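Morning, everyone. I'll talk about charged side chains today. Please have a look at the screen.

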Amino acid sequence: TQITFQNARGERLTIDVPDGSTVMQAAVSNGVDGIVAECGGSAMCATCHVYVDPKFADRLPAPDAVEDEMLNSTAAERRINSRLSCQLVITEALDGLVFLLPDHQT
Ligand code: FES
């Protein structure tokens with residue numbers, strides 16, 4: 001499955017990632033700047049914050065209560081399309097999806 005990260009300067013990186021890993025893991029293992037992931041994926045730090053390209057929003061399940069709560073603690077402003085990338089599991093349905101990186105995570 002191919003996903004793309006776009007940083008705040010508009011630079012894009014497209015990577016091929018195995019299904020079943022999380023978007024956060026894919027970012028970290030591919031050296032994507034802009035994902036800090038301090039808590040290692042436990043939905044406890046909000047430093048893996050991404051904005052989902054609105055065109056793809058309906059391909060993702062809604063955030064659960066824990067993610068929703070933690071999204072109130074993001075360093076960059078929370079928007080309607082804000083998600084924690086550690087809570088997003090990659091499946092074929094996400095192929096082509098673009099994640100926009102906030103300009104800061106802490
Ligand atoms: Fe900490 Fe996602 S890695 S909330």
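There are five salt bridges in this structure. By salt bridge I mean a side-chain nitrogen of Lys or Arg within 4 Å of a carboxyl oxygen of Asp or Glu. Two caveats. This is a predicted model: local features need pLDDT of at least 70, side-chain atom pairs count only at pLDDT 80 or more, and totals for chains, interfaces and linings use all residues. Residues are numbered from 1 along each chain as its sequence is written, and side-chain values use heavy atoms, with hydrogens and water left out.

Start with arginine 83. Its salt-bridge partner is glutamate 67, with the closest N and O atoms 2.8 Å apart. The pair links distant parts of the chain: arginine 83 sits in strand E4, glutamate 67 in helix H2 (residues 65-70), 16 residues apart. Helices (H or I, at least four residues) and strands (E, at least two) are DSSP runs, numbered from the N terminus. Buried or exposed? Both arginine 83 and glutamate 67 are buried. Buried is under 20% relative accessible area, exposed over 50%, partly exposed in between (1.4 Å probe, protein chains only).

Helix H2 comes up again. Its aspartate 68 bridges to arginine 78, N to O at 2.6 Å. Arginine 78 lies in the loop between H2 and E4, ten residues from aspartate 68. Here arginine 78 is partly exposed at 33% relative accessibility. Aspartate 68 is partly exposed too, at 34%.

Next, arginine 9 and glutamate 11. Their closest N and O atoms are 3.2 Å apart, in a salt bridge. Arginine 9 is exposed, at 68% relative accessible area. Glutamate 11 is partly exposed, at 45%.
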